[in-house]
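The following explanation leads through a single protein model, from individual residues to the overall fold and surface.

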Amino acid sequence: MQDGAPPHIATAVKQLLNLYFGNDRIISRHFPTAWPLRSPDLNPCDFWLWGYLKDVVYGVPNANLAELKKSITQHIHNITTVICYGTCCFALSAHRRKRWTAY
């Protein structure tokens with residue numbers, strides 16, 4: 001989301017997400033669990049995933065593009081459900097603290 005504009009989700013994308021994750025595991029305004037409006041700070045990819053991947057992938061030199069891709073794939077597969085859950089819980093608690101201290 002940028003500048004409060006909602007993402008555009010094509011029907012084909014919704015069908016693919018539903019096929020792989022099921023309706024109940026997707027957070028989007030196009031699915032049963034809606035993402036809170038104007039909350040880009042809740043996006044774990046922005047505040048955690050990219051920084052984490054940069055740290056672990058570039059921690060060791062990669063000889064070529066194929067090795068870089070393999071390293072990225074390996075580190076993504078090493079992320080456990082527990083890590084994802086903890087990261088999302090942290091984001092939600094930070095969002096709540098920010099919301100209550102902003103006034």
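**Cysteines, fold and surface**

In this predicted model, Cys-84 has a relative accessible area of 36% and is therefore partly exposed, because that class lies between the 20% limit for buried residues and the 50% limit for exposed ones. Cys-89, with a relative accessibility of 33%, also counts as partly exposed. As for covalent links between cysteines, the structure contains 0 disulfides; such a link would require a pair of cysteine sulfur atoms within 2.5 Å.

The secondary structure of the protein consists of 4 helices and 0 strands. Followed along the sequence, these elements give the pattern α-α-α-α. Of the contacts in the protein with a separation of 6 or more, 33% are between residues 24 or more positions apart.

The protein has 103 residues, of which 17% are buried.

A nonpolar surface patch is formed by Leu-16, Leu-19, Tyr-20 and Phe-21, which together have about 490 Å² of accessible area. Among these residues, Phe-21 belongs to helix 1, which spans residues 11-21. The relative accessibility of Phe-21 is 42%, so this residue is classed as partly exposed. Membership of such a patch requires over 30% relative accessible area, and the 42% of Phe-21 is in keeping with its place in the patch.

Technical notes: Residues are numbered from 1 along each chain as its sequence is written. This is a predicted model: local features need pLDDT of at least 70, side-chain atom pairs count only at pLDDT 80 or more; totals for chains, interfaces and linings use all residues. Side-chain values use heavy atoms; hydrogens and water are left out. Buried means under 20% relative accessible area, exposed over 50%, partly exposed in between (1.4 Å probe, protein chains only). Helices (H or I, at least four residues) and strands (E, at least two) are DSSP runs, numbered from the N terminus. Contact means heavy atoms within 4.5 Å. Patches are made of residues with over 30% relative accessible area and no salt bridge: like charges are joined within 9 Å, nonpolar side chains (Val, Leu, Ile, Met, Phe, Trp, Tyr) within 5 Å. Accessible areas come from the Shrake-Rupley method with a 1.4 Å probe; for residues, only the protein chains shown count as cover. A salt bridge is a side-chain nitrogen of Lys or Arg within 4 Å of a carboxyl oxygen of Asp or Glu.
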